[in-house]
Amino acid sequence: MAATMTQTKPHTRPRATRPVVEGLTLVATPQPKRGVAATVVLCVGLLIAAFVSVFVLNTLTVRTAYQLRGVNVQLSDATTAQESLKDQVTKAQTPEAIRARADQLGLVPAQTIRHIDVQTRTVVQAQEDEKK
């Protein structure tokens with residue numbers, strides 16, 4: 001008895017066939033022109049640019065904060081000086097202060113009170129005005 005070996009094909013699935021469209025051909029995928037190194041360099045560059053921009057913005061913010069602080073101090077000083085001047089003016093406007101300053105200047109109270117009559121263009125005394 002002669003044994004014969006039969007070769008059997010491995011079991012394979014049938015391939016799906018694609019419809020053939022006339023005028024179209026398969027084109028190979030283009031190879032990337034840049035490698036991974038260029039992408040890494042780009043990402044590192046963007047990261048460094050982000051850190052630099054954050055540092056610059058933080059520096060500008062701190063500088064502006066110091067300028068605002070200086071302006072607020074000047075404003076506070078000016079407000080204090082204004083309040084002091086207002087107090088001095090208020091004290092100087094009292095009748096007692098006016099009388100004391102007049103005495104210092106050597107002024108004396110008027111003996112007779114006179115005013116100008118606009119219609120007649122003359123200086124008249126107050127007693128004469130009351131008689132009219």
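1. The surface of this predicted model carries a nonpolar patch formed by Val36, Val40, Val44, Ile48, Val52, Phe55, Val56, Leu57 and Leu60. Together these residues have about 840 Å² of accessible area. Phe55 counts as exposed because its relative accessibility is 59%, and the term exposed applies over 50%.

2. The overall plan of the protein consists of three helices and two strands. Read from the N terminus, the order of the elements is α-α-β-β-α. The accessible surface comes to about 13,700 Å², and carbon and sulfur atoms account for 62% of that surface. Of the 132 residues in the protein, 2% are buried.

3. How many of the 11 residues of helix H2 are buried? The count is one, and helix H2 (residues 95-105) is accordingly described as hardly covered. Just after H2 comes Gly106, whose phi is positive, at about 85 degrees.

4. The two strands deserve attention as a pair. E1 (114-117) and E2 (122-125) are separated by a loop that contains Arg121. The strands pair in the antiparallel sense, over four bridges, and they form a hairpin with four residues between them. Within this pairing, Ile116 stands opposite Val123 in E2. As a general rule, the side chains of a regular strand alternate between the two faces of the sheet.

5. Is Arg121 buried or exposed? Arg121 counts as exposed, because its relative accessibility is 75% and the cut-off for exposed is over 50%.

6. Asp117 presents another case for the student to consider. Asp117 belongs to strand E1. Why does Asp117 count as buried? Its relative accessible area is 18%, and buried means under 20%. The side chain of Asp117 is also joined to the side chain of Thr120 by a polar contact of 3.1 Å.

Definitions and conventions
Residues are numbered from 1 along each chain as its sequence is written. This is a predicted model: local features need pLDDT of at least 70, side-chain atom pairs count only at pLDDT 80 or more; totals for chains, interfaces and linings use all residues. Side-chain values use heavy atoms; hydrogens and water are left out. Buried means under 20% relative accessible area, exposed over 50%, partly exposed in between (1.4 Å probe, protein chains only). Patches are made of residues with over 30% relative accessible area and no salt bridge: like charges are joined within 9 Å, nonpolar side chains (Val, Leu, Ile, Met, Phe, Trp, Tyr) within 5 Å. Accessible areas come from the Shrake-Rupley method with a 1.4 Å probe; for residues, only the protein chains shown count as cover. A salt bridge is a side-chain nitrogen of Lys or Arg within 4 Å of a carboxyl oxygen of Asp or Glu. Two strands pair if DSSP finds at least two bridges between them. A polar contact is a pair of N or O atoms within 3.5 Å; within protein, one must be able to donate a hydrogen and the other to accept it, and residues adjacent in sequence count only if both atoms are side-chain atoms.
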